[in-house]
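Hi,

Here is the structure I said I would pass on.

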Amino acid sequence: MELNIEKEKYIITEVKNGNYERFGELIHIYQSPLYIFINRIIRNNDDAKDLTQETFFKAYRSIKSFKFKSKFSTWLFQIGYNESINFIRKHARHIAIEKSIAIKFIDDYHIAAVEKNELNEEIEKSLHELKQEQRIALHLLYREEKSYKEIADIMEIPINTVKSHIRRGKDILKQRLSLSYDPDTILA
Amino acid sequence: MKDAQLDIIMKKHMKNNSNPIDVEPDVMNRIKIYEEKKSRRLLYLEYGISALLLTSGTASVFIIQYIFISCMSLFEEYWNIIHIAVWIITGIFVLIAFSSFGFIYFSRMLKAEKKFVKSTL
């Protein structure tokens, strides 16, 4: 569910003018995609929920700096991305320990959320094996249908780097999935 | 596997992945408290400026009174009466100013506190 650009602009202007209750409409629209995106980065349901809240709160506090130069969703995802990266940096040691203990529960959310079948699990495992930047770029490309330019804005990296992450990510996924599945059978 | 095939598979997979979440009440509650705190901070700033203006205003009145009395000392025979009258007028002015400021301050403070307590419940 996405808002009409004009309506979204109107709501943001209202919020900027002090009608903070209208921010709820933006939260309502973007909470799920943002949560899934953050969870894709940090891979922990509870932390992702907290970070989603934090991202919305930060977005609200700095909404006056949003000048409509990009889509609101791009700006919001950029805040979410920075929040997640800061979280990972801050909890790097803790996350590393947790990872080693709970390796089999990795991406439990994503596996649990999708239809449970071998292919989905295989895709999630393959995604997990990608580098963080590749995984994030592919998520934004496929799930959020963002352009390269928007992905570059969110991740604050050059477009060519985005292209390179996506290219490498796709190559790894193709290689991995081709080992176990025939694409014609999957798509049939 | 071709790129186009992977694109279809991945899009389908990603779109299939959805998990409803509701952080709206929590975030809105946090925003509400933040706004209340912000408005309270503004209120305190407003009070601070008012108090400063009131103090400087009162000081100005006393300075004017001093100048006035100095000039009036030229009329020595009426000096005592003028002196007392000026003191009474100044006293009434200060009393009115402080009581109206106090009334406005406490009524607004009470209102802001009530609103804040209500928002945190």
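Counting over all chains, the salt bridges come to 16. Keep in mind that this is a predicted model. Side chains of opposite charge can pair when their charged atoms come close, and a few of these pairs deserve a look on your screen.

Start inside chain A. R22(A) and E25(A) form a salt bridge through their side chains, with 2.9 Å from N to O. Are the two partners buried or exposed? R22(A) counts as buried because its relative accessibility is 18%, under the 20% cut-off. E25(A), at 29%, counts as partly exposed.

The next pair is R40(A) with E124(A), a salt bridge at 2.8 Å, again N to O. Helix α2 of chain A (residues 23-42) holds R40(A), while E124(A) sits in helix α7 of chain A (residues 118-129), so this bridge ties together parts that are 84 residues apart in sequence. Both R40(A) and E124(A) are buried.

Then there is one that crosses between chains: the side chains of E145(A) and K15(B) meet in a salt bridge, 3.7 Å from N to O. E145(A) is in the loop between α8 (132-142) and α9 (148-155) of chain A, and K15(B) is in helix α1 of chain B, so the pair joins two chains. K15(B) has a relative accessible area of 43%, which makes it partly exposed. There is also a network: R167(A), D171(A), K174(A) and D3(B) are linked by salt bridges that share partners.

Now for the interface itself. Chain B puts 30 residues into the contact and chain A puts in 43. Together the two chains bury about 3700 Å², and 63% of that is on carbon and sulfur atoms. How many salt bridges does the rule find across the interface of chain B and chain A? It finds 5, and K15(B) with E145(A) is a salt bridge between these chains. Polar contacts across the same interface of chain B and chain A amount to 15 residue pairs, with both residues at pLDDT 80 or more.

On the side of chain B that touches chain A, α1 (3-16) and α2 (24-72) of chain B each supply at least two residues. The largest share comes from α1(B), with 12 residues. Sorted by class, that side of chain B has 13 nonpolar, 6 polar and 11 charged residues.

Cheers

Definitions and conventions: Residues numbered from 1 in each chain as written. Chains lettered and ligands numbered in written order. Predicted model: local features only at pLDDT ≥ 70, side-chain atom pairs only at ≥ 80, totals over all residues. Heavy atoms only, no water. Contact = heavy atoms within 4.5 Å. Buried area = accessible area lost by both parts, 1.4 Å probe. Salt bridge = Lys/Arg side-chain N within 4 Å of Asp/Glu carboxyl O. Polar contact = N/O pair within 3.5 Å; in protein donor to acceptor, adjacent residues only side chain to side chain. Helix = DSSP H or I, 4+ residues; strand = E, 2+ residues; numbered from the N terminus. Nonpolar A, V, L, I, M, F, W, Y, C, P; charged D, E, K, R; others polar. Buried < 20%, exposed > 50% of the residue type's maximum accessible area, 1.4 Å probe, protein only.
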